[in-house]
Amino acid sequence: MSVFVLAHLSDPHIPPLAEPRPAELIGKRITGYLNWKLRRGAHHRRDILDRLAADLLAQAPDHVAVTGDLANLSLPVEFDDGRAFLARLGDGKRVSVIPGNHDAYVRATNGTYLGAWREYLAGDAAQTAPFPYLRRRGPVALIGLSSAVPTLPFFASGRLGSDQLDRLAIVLARLQEERCFRVILIHHAPAGPRSWLKRLEDAPGFRDTVALYGADLVLSGHDHIAAVNEIAGFERPIPVVQVPSASAAPGDPRGGAAYNLYRIEGAPGFWSCEMESRGFSPDGKIVSLRKKKLM
Ligand SMILES: [Fe+2]
């Protein structure tokens, strides 16, 4: 029985921060820039991200899912950097991406990722709206969502919107009959505790949709923590998995950089999935951190 290995990393916040031109320091970028200079910048390191990516590639996964926040301030150059980072992981057949709130940081450049990262978020078939996209790889159906919307300074909340939720229901209803292994990618985790300022506004609507039609795994980022929560599914609870930032320095209070591997095997309707987390130990080595059977 062959095993399909899906890798999952998130929130690389690709360092170092590009130096914005004065004209680019508009609106929310001003507070974001100061926040990076005073606090965040010390937590995200390029050498850490590079070593983590190299370790991930050495595991030779069948596919890589990147759940958003490649950028920091959504400066135009950050979308080029994001594309270069994705290209290092592989081509669009092997890598899928969704946007995070930092990729939709300001209205001026919102949606730039759609062009810059097209290869990595285009659905298999032509579709009228970019999200949800559906990409089939081996036994896996990847359903990519966008919860990334520009917000006021100090807010990092997300929203899918009723139209996207309606389209998600249609996609999940179709997949229900196939019984393939359904993986939903969404930057803002639809389960687990977080501050009101960072919440997914329509998490109840998402959970209702998934409870009705089912899915097998939900992958998220956003909080920069390692977590496994559950939401109700059609046949059984669905794990909602988060990983720390892929560039977080070892010893970061929210967790040093890490990524997950999901080993998926079985047959339609009878899937098993084991998760392995690999990342930085406090002494700066990349090791296997834990294994957990998800189903
Ligand atoms: Fe983030």
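The model is predicted: local features need pLDDT of at least 70, side-chain atom pairs count only at pLDDT 80 or more, and totals for chains, interfaces and linings use all residues. Residues are numbered from 1 along each chain as its sequence is written.

The protein chain has seven helices and twelve strands. These are DSSP runs numbered from the N terminus (helices H or I, at least four residues; strands E, at least two). Buried residues make up 45% of the 295 residues. Buried means 20 or more other C-beta atoms within 10 Å of a residue's own; exposed means 12 or fewer; partly exposed lies in between; C-beta atoms are placed from the backbone.

The largest nonpolar core has 74 residues. Such a core is a set of buried Ala, Val, Leu, Ile, Met, Phe, Trp, Tyr and Cys residues joined through C-beta atoms within 7 Å. Leu-52, Leu-145, Val-183, Leu-185 and Leu-217 have the most contacts inside it. Helix 2 (residues 46–58) gives the most to this core, with five residues.

Now helix 6. Its buried residues are Gln-164, Leu-168, Val-171, Leu-172 and Leu-175. Seen down the axis of helix 6, they fall within an arc of 100°, so they line one face. The arc is that of the directions from the helix axis to the C-beta atoms. The face turned away from the buried side of helix 6 carries exposed residues, including Asp-166, Ile-170 and Arg-174. After helix 6 comes Arg-179, with a positive phi near 60°.
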